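Subject: Structure handover

Hello,

I am passing on the structure that we talked about, and below it you will find my notes. Please read them with the structure open beside you.

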Amino acid sequence: MGPSRHNGRVSTTSLPKPDRAPELRAALLAAGFTADGLLDLLGAPAYAALARSETVPALRATRGRGDGALASLVRLFLLQQPEPYVHAERALPVEAALTDGWLRLEGDEVHATVDVRPYGGPDGEDWFIVSDLGCSVGGAGGIGSRQEGVVLGVGGASTTLAGITVRTPVGSALDVGTGSGIQALHASRHATRVTATDVNPRALEFTRLTLALSGAPEAELLTGSLFEPVGQATYDLIVSNPPFVISPGARLTYRDGGMGGDDLCRTLVQQAGERLNQGGYAQFLGNWQHVEGEDWRDRLRSWVPRGCDAWIVQRDEQDVTQYAELWLRDAGDHRSDPAEYTRRYEDWLDEFEARGTKSVGFGWITLRRTDAAEPSIVVEEWPHTVEQPLGEAVLAHFARQDYLRQHDDAALLEAHFALAEEVVQEQVGAPGAEDPEHVVLRQNRGMRRATKVDTVGAGFAGVCDGSLSAGRILDAIAQLMQEDPVVLRDRTPEAIRLLVEQGFLDPVARPAQ
């Protein structure tokens, strides 16, 4: 998460220079210091443990590899272990790395000054994320850092945002609160111009290193909070994994928003609309309060700026005690003096009580700039497993909203539909029963939704192959069920609309006559 404000109390250690990053990159690749190379060297369990910030399995896995180049790089940059100079020079241009500040020399050993983590791009690119030592895994990973200006690497939140982001070619992209530059790196694949902002100048330097070491084009790097650094500039794509943690005060720049409650996320969303070009997307992660006596869905609808469609998905909800404990552990407060831990815990609960907050939600917010007279705002809860990446699913969602806006009930009955790929039908009922209690349609791709349908809905979906209009199908079902076709046509469009909205049915072009 990139910070939203910065009070200067950070490490003054100088960061590496990117001048000879191409030379260093070539050496890393030649040694097999890639995501695939790590998996081969360490094995799946130790590799997975690294993602949890657990280094012991990886350290054990490198012990039998001696002075091999890849093992040396793992110990240096991932495990932050000193490495003999003579071993390191077999893997790296050590003098260049020392001169540019990637390494420091102590006696006859070298030490890494930053964490360098291989990161596989979506099309097999070999990228590297550069972050502060010991902070390679970002967000709620229990990094135990109380240094306010610390810059984190890749965490679950980072990869989630990267996975849901729309990846169509665009002229301009903006990464707000870039941190170590993961989102800017992804955007460099499909945006002609990438701008990255952060209130923490160190974060921008880490982004510069990440891009350079990954062989990506340079980005425009601007210091400041939220949209302040870009003025009135507009973009085709805006992404942000902001410091969304709702906390008392703002101790930790990388995670705490520095505004009251969920105001930072609300402000980010509300200000994004006027920075989007027509048809452009803004995609964020966020936390939001569930306030006593207030519908959280209405709360989030009120955030959506004018002239924007919105799709907001709540992925998780925690009561205030769970939430406080999660982020107290993240800062390492559970390892502090018990009295101090108790005081901090009380501070969190006092803050929530004062705001009437009973729980906190986490999820995704996607905006799309539109000129529609009645924008579509969908707010839903979906805590179930999804299949990443979801960028195509996001595009499809808004395309379906456009379609439904343009088709009233009469038009739906004239339209042709096909059952979406990977949809299966499940029948639930007592063993041996003649008829199922209910029928469920389930998606095996994307959002992996499931929805109950009645006999008519199941029959309708099963017949949809694009050859007949919806009305013709309903007439046939009415005849089979000995129902009035007019009544069936009147009551079914709402169900068709829902199946289209949720992606179970795809509109298809009308067959040529």
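**What was found**

Cys308 has a relative accessibility of 1% and therefore counts as buried, where buried means under 20% relative accessible area, exposed over 50%, and partly exposed in between, with a 1.4 Å probe and protein chains only. Before going on, please note that this is a predicted model, in which local features need pLDDT of at least 70 and side-chain atom pairs count only at pLDDT 80 or more, while totals for chains, interfaces and linings use all residues. Residues are numbered from 1 along each chain as its sequence is written, and side-chain values use heavy atoms, with hydrogens and water left out.

To stay with the cysteines, the structure holds zero disulfides, a disulfide being a pair of cysteine sulfur atoms within 2.5 Å. For Cys308, the closest cysteine sulfur is that of Cys265, and it is 17 Å away, which is too far for a bond. Cys135 is also a buried residue, at 4% relative accessibility.

Two residues other than glycine have a positive phi. Leu226, with phi near 50 degrees, sits in the loop between strand 8 (220-223) and strand 9 (235-240), and it is buried, at a relative accessible area of 11%. Arg448, with phi near 55 degrees, belongs to the loop between strand 16 (438-443) and strand 17 (450-453), and at 32% relative accessibility it is partly exposed. Helices (H or I, at least four residues) and strands (E, at least two) are DSSP runs, numbered from the N terminus.

There is also a cis peptide bond, between Gln388 and Pro389, with omega at about 0 degrees. Pro389 is in the loop that runs between strand 13 (377-381) and helix 15 (391-406).

Best wishes
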